[in-house]
Amino acid sequence: MKPSNSISLDSVLEESLPFAFELRFSPERLDREPLLEVSPVKLAGEVSRIEKGYSLDARMDYSGRLECSRCLSSYPFENSEEFALVLRKRPALGSDEIALRSEDLDEYFYDDPVVSVEPIAEERIQMSVPMKPLCREDCRGLCPQCGQDRNVTACDCVVETGDPRWEALRVLKKV
């Protein structure tokens, strides 16, 4: 019996094997600070035999909420992507180091012929979540003096634009 959310490669014969999964990930499990919510991930596609192993062609759709890195407000996002991977049996560990080639980036190595799709989906989500998400390109952020969201209202704070790293030279200039 194969575990849920997995594909049995032994059942891929001459014709491709279609699949469809709905996967659930919590933001805590994904451990990406700007990710506040993530919807169930819809992953569908097919697996077929190829010379190198197996070809996985899939489409992944999900949405959620991110936290803006400038103003800290929550905003919605959606992601849809199509991708292809070559599934290959993991080679035996040897003493030789193997250099990673660019064509190896689209490969997924498995140990057991029953492959879980959750790590594949999780990796795709991790790669698509921006490191510094912005609610909009011209986000003005928070005022460093009073903390007011400058996108909502303007504040009367005077923000010194001088770089504090030059302060030692300014002191010398005054002497």
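**Salt bridges, burial and cysteines**

Guide: Start with Glu-81 and Arg-124, whose side chains meet in a salt bridge, N to O at 2.9 Å. Keep in mind that this is a predicted model.

Visitor: Why is the pair of Glu-81 and Arg-124 called a salt bridge?

Guide: The cut-off is 4 Å between a side-chain nitrogen of Lys or Arg and a carboxyl oxygen of Asp or Glu. Here the N to O value is 2.9 Å. That is within 4 Å, so the pair counts.

Visitor: Which parts of the chain does the pair of Glu-81 and Arg-124 link?

Guide: Distant ones. Glu-81 is in strand β6, and Arg-124 is in helix α2, residues 118–128. They are 43 residues apart.

Visitor: What makes Arg-124 buried?

Guide: Its relative accessible area is 14%. Buried means under 20%, so Arg-124 qualifies. Glu-81 is buried as well.

Visitor: Which residues does Arg-124 contact, leaving aside neighbours within four places in sequence?

Guide: Arg-124 is in contact with Met-60, Tyr-62, Glu-81, Phe-83 and Leu-85.

Visitor: How many salt bridges does the structure hold?

Guide: It holds 13. One of them joins Arg-59 and Glu-82.

Visitor: How do you know that Arg-59 and Glu-82 form a salt bridge?

Guide: Their closest N and O atoms are 3.2 Å apart. The limit is 4 Å, so the pair passes. Arg-59 lies in strand β5, residues 53–67, and Glu-82 in strand β6, residues 74–89. The bridge therefore ties together parts that are 23 residues apart in sequence.

Visitor: Why is Glu-82 called exposed, and Arg-59 partly exposed?

Guide: Glu-82 has 63% relative accessibility. Arg-59 has 36%. That falls between 20% and 50%, so Arg-59 is partly exposed.

Visitor: What is the network around Lys-42?

Guide: Salt bridges link Glu-22, Arg-24 and Lys-42 in a network. Within it, Lys-42 bridges to Glu-22, with the closest N and O atoms 3.5 Å apart. Lys-42 sits in strand β4, residues 41–50, and Glu-22 in strand β2, residues 17–23. The two are 20 residues apart along the chain, yet their C-alpha atoms are separated by 4.7 Å.

Visitor: What makes the side chains of Lys-42 and Glu-22 a polar contact too?

Guide: The contact between these side chains is 3.5 Å. The cut-off is within 3.5 Å, so this value meets it.

Visitor: Are Lys-42 and Glu-22 buried, exposed or partly exposed?

Guide: Lys-42 has a relative accessible area of 47%. For Glu-22 the value is 43%. Both lie between 20% and 50%, so both are partly exposed. Setting aside residues up to four places away in sequence, Lys-42 touches Phe-21, Glu-22, Arg-59, Met-60 and Asp-61.

Visitor: What makes Cys-135 and Cys-157 partly exposed?

Guide: Cys-135 has a relative accessible area of 26%, and Cys-157 has 31%. Each value is between 20% and 50%, so each cysteine is partly exposed.

Methods. Residues are numbered from 1 along each chain as its sequence is written. This is a predicted model: local features need pLDDT of at least 70, side-chain atom pairs count only at pLDDT 80 or more; totals for chains, interfaces and linings use all residues. Side-chain values use heavy atoms; hydrogens and water are left out. Buried means under 20% relative accessible area, exposed over 50%, partly exposed in between (1.4 Å probe, protein chains only). Helices (H or I, at least four residues) and strands (E, at least two) are DSSP runs, numbered from the N terminus. Contact means heavy atoms within 4.5 Å. A polar contact is a pair of N or O atoms within 3.5 Å; within protein, one must be able to donate a hydrogen and the other to accept it, and residues adjacent in sequence count only if both atoms are side-chain atoms.
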